Amino acid sequence: MAPYLETVKSFADVPITDAGVDTVTFLEAADGLVGLFDLLGSAAFSVVQSDLKGNIIKVRARYEATPALSSTLESLVENEKGEKKRTATEGLLWLLRGLSFTCKALQNAQSNQAEELSAAFTKSYENTLKKFHNFVVKGIFAVAMKACPYRADFYAKLSADPNGGTPASQEKLNEELDKWLAALSSIVARVEAFYEKGNYSKGF
């Protein structure tokens, strides 16, 4: 077994064509990001994890029901627009919001090596998810931010080999994580722009 990022699908490996973002590999990479919260090791983040998982299930269910019409995220949304309940369209929108929150938090941590994770995640929450949440959910997230593990502990887990092999060097970890996050950020921006242009987020 290798360090965590080497065991999951990277967002950098998700094919993007003129038709859009490949649905199957995007969902595989999103599954990998969900597992990242296990490394954070805080029960407070279970609300984030379950939200991400639930939205992945909605998008995957739509793909499995109509694979020929859902090969890219864009075609999946486009082909659901005439239906009364756009479950996958809403699920993908919330999935993008959750991915953006996680991505920006880790980018904050990467760009400021002296900053603890609680500060990095709090800053990201303020700029991403907070505006969509009611008073109760904001309170849950405030608790989760405070419960972040120490930066050193999280990065040690991220670089460790669960089978006791040699951990990844800090340099290698930073390189892989930066590549992973840059690709995720690019995908989120692309699909959010698609939603904006087509007014697909209306009502959600």
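Is A61 buried, exposed or partly exposed? A61 is partly exposed, because its relative accessible area is 41%, and the class runs between buried (under 20%) and exposed (over 50%), using a 1.4 Å probe and protein chains only. Keep in mind that this is a predicted model, where local features need pLDDT of at least 70, side-chain atom pairs count only at pLDDT 80 or more, and totals for chains, interfaces and linings use all residues. Residues are numbered from 1 along each chain as its sequence is written, and side-chain values use heavy atoms, with hydrogens and water left out.

Back to A61: you'll find it in helix α3. Helices here are DSSP runs of H or I with at least four residues, numbered from the N terminus. Look across to A88, 27 residues away from A61 in sequence, and the C-alpha to C-alpha distance is 7.9 Å.

Now follow the chain to T72, in the loop between α3 (46-65) and α4 (73-78). T72 counts as buried because its relative accessibility is 6%. So what does T72 touch, leaving aside neighbours within four places in sequence? It is in contact (heavy atoms within 4.5 Å) with A19, G20, V21, D22 and T23. With A19 there's something specific to see: the side chain of T72 reaches the A19 backbone oxygen at 3.2 Å.

Last stop is I140, in helix α7 (residues 135-146). I140 is partly exposed, because its relative accessibility is 37%. Together with F135 and V136, I140 makes a nonpolar surface patch of about 350 Å².

Technical notes. Helices (H or I, at least four residues) and strands (E, at least two) are DSSP runs, numbered from the N terminus. A polar contact is a pair of N or O atoms within 3.5 Å; within protein, one must be able to donate a hydrogen and the other to accept it, and residues adjacent in sequence count only if both atoms are side-chain atoms. Patches are made of residues with over 30% relative accessible area and no salt bridge: like charges are joined within 9 Å, nonpolar side chains (Val, Leu, Ile, Met, Phe, Trp, Tyr) within 5 Å. Accessible areas come from the Shrake-Rupley method with a 1.4 Å probe; for residues, only the protein chains shown count as cover. A salt bridge is a side-chain nitrogen of Lys or Arg within 4 Å of a carboxyl oxygen of Asp or Glu.
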